[in-house]
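Colleague: Could you walk me through this model? I have a few questions ready.

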Amino acid sequence: MKLAENVDFNTIACAASGASGAKLANMVNEAALRAVRQGRRLATREDLQESIEVVIAGYQKKNKILSDHERMIVSYHEIGRALVAALQTHSAPVAKITIIPRSLFSHL
């Protein structure tokens, strides 16, 4: 797979830390597929970052619409999770907080 110049391997390695060899291979394949779908010959940093999220958390559920009340509840929940993770002494730093619904089984 050919990579764009904006790919920072340290950032990608931190985001994919703890992944098995098979998951790393899936992440690279997913990034390559994303680039091809968008008509590019090079995978970008954004392709790799999105592919890591897809392999870890699943594809975005674009048809799931949350009401304002549901978004607020999910936001509080995710902020609470991030605070607990940030306050733990031996955990990885919080890299991203999102309320975008994802599903590991969206392809079924």
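Predicted model: local features only at pLDDT ≥ 70, side-chain atom pairs only at ≥ 80, totals over all residues.

Colleague: Leaving out residues up to four places away in sequence, which residues does Glu50 touch?

Modeller: Residues are numbered from 1 along each chain as its sequence is written, and side-chain values use heavy atoms, with hydrogens and water left out. Contact means heavy atoms within 4.5 Å. Glu50 is in helix α3, and beyond four places in sequence it touches Arg34, Gln60 and Arg102.

Colleague: Is Glu50 buried or exposed?

Modeller: Buried means under 20% relative accessible area, exposed over 50%, and partly exposed in between (1.4 Å probe, protein chains only). Glu50 has 19% relative accessibility, so it counts as buried.

Colleague: Against which elements do the buried residues of α3 pack?

Modeller: Elements are DSSP runs numbered from the N terminus: helices are H or I with at least four residues, strands E with at least two. The buried residues of α3 include Asp47, Ser51 and Val54. Their packing partners are α1 (9-15), α2 (21-37), β1 (59-60) and β2 (102-103).

Colleague: What span does helix α3 reach from its first C-alpha to its last?

Modeller: The expected span is 1.5 Å times one less than the number of residues. Helix α3 (residues 45-57) has 13 residues, and its span is close to the expected 18 Å, reaching 18 Å.

Colleague: Which residue just after α3 takes a positive phi?

Modeller: The phi there is about 100 degrees. The residue just after α3 with that value is Gly58.

Colleague: In what order do the elements of the protein chain run?

Modeller: The protein chain has 4 helices and 2 strands. Its C-alpha trace spans about 40 × 35 × 25 Å along the principal axes. From the N terminus on, the order is α-α-α-β-α-β.
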